[in-house]
Each structure stands twice: as structure tokens, then as C-alpha cells.
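User: I would like a close look at one part of this model, with the side-chain contacts around it.

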Amino acid sequence: MENTEKLVNSKQIIAYIAELFPNCFTLRGKAHPLKIGIFQDLSERIADDPKVSKTQLRAAIRQYTSSWRYLYGMKAGSVRVDLDGVNCGELEQEHIDHAQTILAESKARVAERRKEQVVEQDKKKANGKDKKRLKVDKLTANQITLRSKKIKNTKVNKKPVELRRELNTKDIIVGKHVNINIGNGNMPATVVELNKNEIRVRLSNGLTMLIKAEHLNS
């Protein structure tokens, strides 16, 4: 029994009519410019074919003739063909110009979409890095707070506090070794980044934190 299942999308329909009329429609390589009025000819030739409706056929032809592959073939010297591949005359210049305009506009739209996708991806990456840095800074601050409490609560023989010189803003530069004044002790660190109101330092254990300049000394 012959299969009469209806084709459901333009891609299937284009493949089907390319199989029926290989001298007119192609799926790969150069696409021939089509005869003006090809839709009417095609509708008549497959009028009794239950697989394709006129509405679907019209949409498929529109998709085929707006593809970049087809538009690239609309150039000077090319000829239009009918369903059997018979020459129907060279393209007129106005049709060539129209095809090139559509091609340029289509390429521009694709380029713009790709640009927007790149910007969106960059935003997501930046947000991910900011969240990761915030998590590390929060973790470091909590560790320092716990260590400070532990120092206060532990009974030890206190050594004389070593006097250290407060740093002026001009003395604080990236790469400088400093001490962080926390509680009753000082923690060695290295300046890694200068911000407007705070300074990012790296502790000896590799973790980083933000701290105000007033808590730094040499």
C-alpha cells in the first residue's frame, strides 16, 4: 500500500520536491534561480499529491528562495530554470540587486544576534566570577572573625605587643608586604589590588579579603 503520510514541515517538503524535480531543486551545492511563477507550475504538477498542501508548499518555496545558498546563486550570468531544468532566460539586474539586498540584511541580522549572544555570555561569566569572589571574601572574613575570637578566649602568656608603624595611603602599593591589625595580633599579607575605599590583600594561606587602609601597618 502506497505511503500517503502528509509532510509536516518545509524541510521535508523541499527534500520531497527536490527528489521529484532534481533538475530544478537541489539540497546541496549551487541552487538554480527558479522560473518566475514556479509555484503555480509546481502546484499543478503535484495537485493530486496527498503529501503536500498548497499552503505548506508556498511556505517551503519561500524558505527555499530566502536561503543564503539560493541568494548566492542570484548573480549576473545565472539563468532561471523550470521544473524540468529548462533554461527560462537570464536574471534581470533588478532581481539580482534585490537578492543581494536580502542576503546582506539577513547576514546583518545573524551577526547582530551573535553579538548579543557573546555579550550575554560575557555577562554570565562576569556574574559568576563576582559571585565566586564574594563567596571567597565572605568565607575569609568569617575565618578571620573566628580566629580573632579564639585568640581572645585562649589563655596564653601574652608577649609584649610589637609596635608597628601605620601606613600612609601613598605607602600602600600592589605587591607590598603588610600586616593586618586584627584584635590583639597582626597577620602578614600582601597587597594585590587597590580599590576606592578598600584594599584587597592576600593572606599567607592564599585566601584574599577586602580591608580598610586604617587596619594596615608595616
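Is aspartate 41 buried, partly exposed or exposed?

Analyst: Aspartate 41 is partly exposed, with a relative accessible area of 21%; buried means under 20% relative accessible area, exposed over 50%, and partly exposed in between (1.4 Å probe, protein chains only). This is a predicted model, in which local features need pLDDT of at least 70 and side-chain atom pairs count only at pLDDT 80 or more, while totals for chains, interfaces and linings use all residues. Residues are numbered from 1 along each chain as its sequence is written, and side-chain values use heavy atoms, with hydrogens and water left out.

The side chain of aspartate 41 meets that of lysine 35 in a salt bridge, at 2.7 Å from N to O. The term covers a side-chain nitrogen of Lys or Arg within 4 Å of a carboxyl oxygen of Asp or Glu. Lysine 35 is partly exposed, at 28% relative accessibility.

By this rule there are three salt bridges. One of them joins aspartate 84 to arginine 45, with the closest N and O atoms 3.2 Å apart. Arginine 45 belongs to helix H2 (residues 38-45) and aspartate 84 to the loop between strand E1 (79-81) and strand E2 (87-90), so this pair ties together parts 39 residues apart in sequence. Helices (H or I, at least four residues) and strands (E, at least two) are DSSP runs, numbered from the N terminus. Aspartate 84 is partly exposed at 43% relative accessibility, and arginine 45 is partly exposed at 46%.

Glutamate 193 and arginine 200 also form a salt bridge, at 3.2 Å from N to O. Here glutamate 193 is partly exposed at 28% relative accessibility, whereas arginine 200 is buried at 7%.
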